[in-house]
Amino acid sequence: MTEKILVTGGAGYIGSHTAIKLIEAGYQIVIADDLSNASPRAIDAIAEITGTKPEFVEINLTDNAAVGQLFSEHTFAAVIHFAGFKAVGESVQLPLKYYRNNLDSTINLLQAMEAHGVKDFVFSSSATVYGVPSEIPLKETSNIGAVNPYGKTKEMIESICFDLASSDASWNISLLRYFNPVGAHPSGKIGEDPTGIPNNLVPFVMQVAVGRRDSVQIFGGDWDTSDGTGVRDYIHVEDLAEGHLKALEHLKPGCSAYNLGTGQGYSVLEVVAAASKASGVEIPHEIVARRSGDIATSLADPTLANAALDWKAEKNLLEMMQDSWRWQSSNPNGFS
Ligand code: UFG
């Protein structure tokens, strides 16, 4: 049996873009996804873009027996684990749903890996683990302290990984702390496809630009930033996907966390302006009250990933918006 890379959540937004990079780099992959927040059309699009149809297993990773079966049927060299619930607001309403799903699925996966001697693991973490930033830019050594159940699941899984690596020196684990992923594959065939009203800024802005919604509500104009609107470190999903490839190639003994961001911050108003430029559409927007749980600024110090993973984000804000717009305008209703 050929050794394969298991990509959990590979039909989702970041997973599907990473799947393409892996196939293009010559890896054989198996995508495992329960399609609870992803479309099977993403798998078709991956095949169309790469010319290779990835193996796909529809599986819920909280089903321990099914995970065991997955590992008996394939020989995996490594696992990249994207699968998980990710809506901050829902996690506050339904914490048990988030703890049950995100923790059980990861523990099942790690136990199956251990049982089958698969010790190379790349995990989708998030800058959300830093909670309210103790310093800007954020370094991997900055204080950790997630402030919502979703973020706490990421923080807990990071702890599990650190403990596992200390208990057994044969594990090679990278925790990738993403900042704000945006953009889409340049083909316009895959992209972010949120269900319902988008929580995140860029999908919302794009739905306004394409005419699905009336106006962007900007959450607060009185933050302590250059123009009073929130500042974030937006990173193109293509750069992020490349970061996973590099993380896989640079895995080393132990457990290491890396910030994946650009180190450059943009305000909400700058994002709206870049989206208008990319789409050619004047995007209506209004400043409203702050959203609870938000912070003024989130910014990565990406120097550790730059050096240790030989990786650097290359794409600028306008490229991010152009690619998001190509996806949104050619698929106004996403995959559906
Ligand atoms: N914003 C608006 N209007 C909107 C949506 C967002 O003004 O309709 C603003 C927010 O207030 C913030 C910025 O746009 O200043 C970015 O907001 P997002 O919701 O796009 O992103 P967040 O930084 O809040 O959240 C992201 C991820 C989360 C993660 C969090 C912390 O989406 O998964 O970073 O790392 F938890």
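Is Ser 39 buried or exposed? Here are some notes to read alongside the structure, which is a predicted model.

1. Let's start with the answer. Ser 39 has a relative accessible area of 15%, and the cut-off for buried is under 20%, so Ser 39 counts as buried. To find this residue, look in the loop that runs between strand 2 (29–33) and helix 2 (40–50). Leaving aside residues up to four places away in sequence, Ser 39 touches Ala 11 and Phe 335.

2. Now look at what the side chain of Ser 39 does at the start of helix 2. There, a side-chain oxygen of Ser 39 comes to within 2.9 Å of the backbone nitrogen of Arg 41.

3. Stay with helix 2 and follow its buried residues: Ala 42, Ile 43, Ala 45, Ile 46, Ala 47, Ile 49 and Thr 50. As you look at that list, keep a general point in mind. An α-helix has 3.6 residues a turn, so residues three or four places apart point the same way. What lies over the buried residues of helix 2? The cover includes helix 1 (13–24), strand 2 and strand 3 (55–58). After helix 2 comes Gly 51, and its phi is positive, near 80°.

4. Next, turn to the ligand. There are 18 residues around the ligand, and those that come nearest are Asn 200, Leu 201, Gln 217, Arg 232 and Asp 294. By type, the shell divides into eight nonpolar, seven polar and three charged residues. Which element gives the largest share of this shell? That is strand 8 (residues 216–219), with three residues.

5. For Asn 200, a polar side-chain atom lies 2.7 Å from a ligand oxygen. With Thr 128 and Phe 219 the backbone takes part: a polar backbone atom of Thr 128 is 3.0 Å from an oxygen atom of the ligand, and for a polar backbone atom of Phe 219 the distance to a ligand oxygen is 2.9 Å. On its own the ligand has 690 Å² of accessible area, and the protein covers 87% of it.

6. Finally, visit Asn 259, which sits in strand 11 (residues 254–260). Asn 259 is buried, because its relative accessible area is 0%. Its side chain is joined to the side chain of Tyr 130 by a polar contact of 2.7 Å.

Conventions
Residues numbered from 1 in each chain as written. Predicted model: local features only at pLDDT ≥ 70, side-chain atom pairs only at ≥ 80, totals over all residues. Heavy atoms only, no water. Helix = DSSP H or I, 4+ residues; strand = E, 2+ residues; numbered from the N terminus. Buried < 20%, exposed > 50% of the residue type's maximum accessible area, 1.4 Å probe, protein only. Contact = heavy atoms within 4.5 Å. Near = heavy atom within 4 Å. Polar contact = N/O pair within 3.5 Å; in protein donor to acceptor, adjacent residues only side chain to side chain. Areas by Shrake-Rupley, 256 points an atom, 1.4 Å probe, with all protein chains shown as cover. Nonpolar A, V, L, I, M, F, W, Y, C, P; charged D, E, K, R; others polar.
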